[in-house]
Amino acid sequence: MRTKSLKKNKINVITLGCSKNVYDSEVLMGQLRASGKDVTHEAPEAEEGNIIVINTCGFIDNAKAESVNMILEYADKKERGLVDKVFVTGCLSERYRPDLEKEIPNVDQFFGTTELPQLLKALGADYKHELLGERLTTTPKNYAYLKISEGCDRPCSFCAIPLMRGKNVSQTIEKLVKESEGLAKNGVKELILIAQDLTYYGLDIYKKRALGELLEALVKVEGIEWIRLHYAFPTGFPMDVLEIMKREPKICNYIDIPLQHISDSILKSMRRGTTQEKTTKLLKDFRAAVPGMAIRTTLIVGYPGETQEDFNILKDFVQEMKFDRMGCFAYSHEENTHAYALEDDVPDTVKQERANEIMELQSQISWDLNQEKVGQTFKCIIDRKEGGHFVGRTEFDSPDVDNEVLIDASKHYVKTGEFVMIKIIEATEFDLYGEPA
């Protein structure tokens, strides 16, 4: 007679890093569910399950440290008998597998970014080709990420992504339309298009930049009301996209275009394939083609050789361009990248001071732009209720990284997952406060 009941295997998937990792975790979970597995995403400790899969990030030092700490935490839990198995996948695992296997032997197995079938096998599941595009979404039900390509062919000196994700591989328009139709049937209203580089989409399979054609196909998907563009590389941007954005109400007047820097000498060393003059013209063309569009960018400060003069050029550019949204990172010296051969000569304290200075400047710009919105009415999607507020977004804001619209739940009721017209009554530098119009 058995004295101990057999524990039912439950798989808890933990996702670190960017939206592309979120997408990969969702695909993994969709496959596991289809194989009859009990799977959860980032469950609280009491319900976390006995098999852990950590999807890691290996992009810059802070992200690597977070991933390593998470692996160590679960390796320790396994040691103490709190979980039975720990598997690690994703970018950190792709990039540093031999070191990780040596340093953290208590992990059952490490997998790279292209080894989904092998990971599934280790979890006792089969890879089902017929499930292409089907996933278990972890985002609020009203939006989902749509990964249109994987990998990157750009030669940027500071970036380790090609080491972890390989060369650019685009998904076909047919496959992406089918995936979007499936998402729409499940209640998704907003598609957030992601890739290492949207600008490059289609060059490998269609021998031309095909982002415009993809958008023309996606706007026909019933149930999808917003389509948002993330991570477009500035060099070679397909300008027909702007004409479609202006013409098609479903395409948000929003673009995320990481510029990284603007000083010509730094751009050249970064191997960005552009100049300050070309970039400035591109942004002015964007604004002329789609008046009122929101432009998000990302900048890097403290790159090797960045002088005070280079930084001043960047500051002046930020002040002149008045970006709607911005992120700024201190440069991280990544082994095996082209820039690793350069001397990492800007002290960490200076890097941080410069990043703070840029964000301080941006916060004033954001404050001014937000004050202009007071009194105006915007179509907002309501993502969730949090504390005493319903939390929504305008078409000019992406989840997790941009402004939010807060509606006082003690005075107003709005339905989560739905679009509502909201009048802005107050604004801070990074949030808007509104009420149903």
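## Radical SAM core

The UniProt annotation "domain: Radical SAM core", from an unreviewed entry, covers residues 138-368. UniProt positions are given in the numbering used here, feature names are shortened, and annotations may be inferred rather than shown by experiment. Over residues 138-368 the chain is 41% helix and 16% strand, with the end C-alpha atoms 34 Å apart. Helices (H or I, at least four residues) and strands (E, at least two) are DSSP runs, numbered from the N terminus.

This is a predicted model, in which local features need pLDDT of at least 70 and side-chain atom pairs count only at pLDDT 80 or more, while totals for chains, interfaces and linings use all residues. Residues are numbered from 1 along each chain as its sequence is written, and side-chain values use heavy atoms, with hydrogens and water left out.

## The six-stranded sheet

An open sheet of six strands runs in the order β6-β9-β10-β11-β12-β13, with parallel pairing. Its edge strands are β6 (143-147) and β13, each of which pairs on one side only. From one strand to the next the twist averages 20°. Helix α12 packs on the sheet, where it touches β12 and β13, and its direction makes about 170° with that of β12. Axes are lines fitted to C-alpha atoms, for helices over the stretch in contact, and angles run from 0 to 180 degrees between N-to-C directions.

Within this sheet, strand β10 (residues 226-229) and strand β11 (residues 251-256) pair in the parallel sense over two bridges. Two strands count as paired if DSSP finds at least two bridges between them. Ile227 has Ile251 in β11 as its bridge partner.

## Helix α13

Helix α13 (residues 348-371) has 24 residues and reaches 35 Å from its first C-alpha to its last, close to the 34 Å expected at 1.5 Å a residue. The expected span is 1.5 Å times one less than the number of residues.

Buried residues of α13 (under 20% relative accessible area; exposed is over 50%, partly exposed in between; 1.4 Å probe, protein chains only) include Ala355, Ile358, Ile365 and Leu369. Lys351 and Arg354 are also buried. The buried residues of the helix pack against β12 (294-301), α12 (308-321), β13 (325-330), β17 (419-427) and β18 (431-436).

## The annotated cysteines

The UniProt annotation "binding site", again from an unreviewed entry, covers Cys18, Cys57 and Cys91. They span 74 residues in sequence, yet no two of their C-alpha atoms are more than 10.6 Å apart, so they gather at one spot.

Cys18 is in the loop between β1 (10-15) and α1 (19-34), and is partly exposed, with a relative accessible area of 31%. Cys91 lies in helix α3 (residues 91-103) and is buried, at 8% relative accessible area. Leaving aside neighbours within four places in sequence, Cys91 is in contact (heavy atoms within 4.5 Å) with Asn21, Thr56, Cys57, Gly58, Thr113, Met164 and Arg165.

β1 and strand β2 (residues 38-41) pair in the parallel sense over four bridges, and Asn12 stands opposite Thr40 in β2. β1, α1 and β2 make a right-handed β-α-β unit. Right-handed means that, with the strands pointing away from the viewer, the path from the first strand over the helix to the second runs clockwise.

Asn106 lies in the loop between α3 and β5 (109-110). The C-alpha atoms of Asn106 and Val86 are 20 residues apart along the chain and separated by 8.1 Å. Beyond its neighbours within four places in sequence, Asn106 is in contact with Ala75, Lys78 and Glu79.
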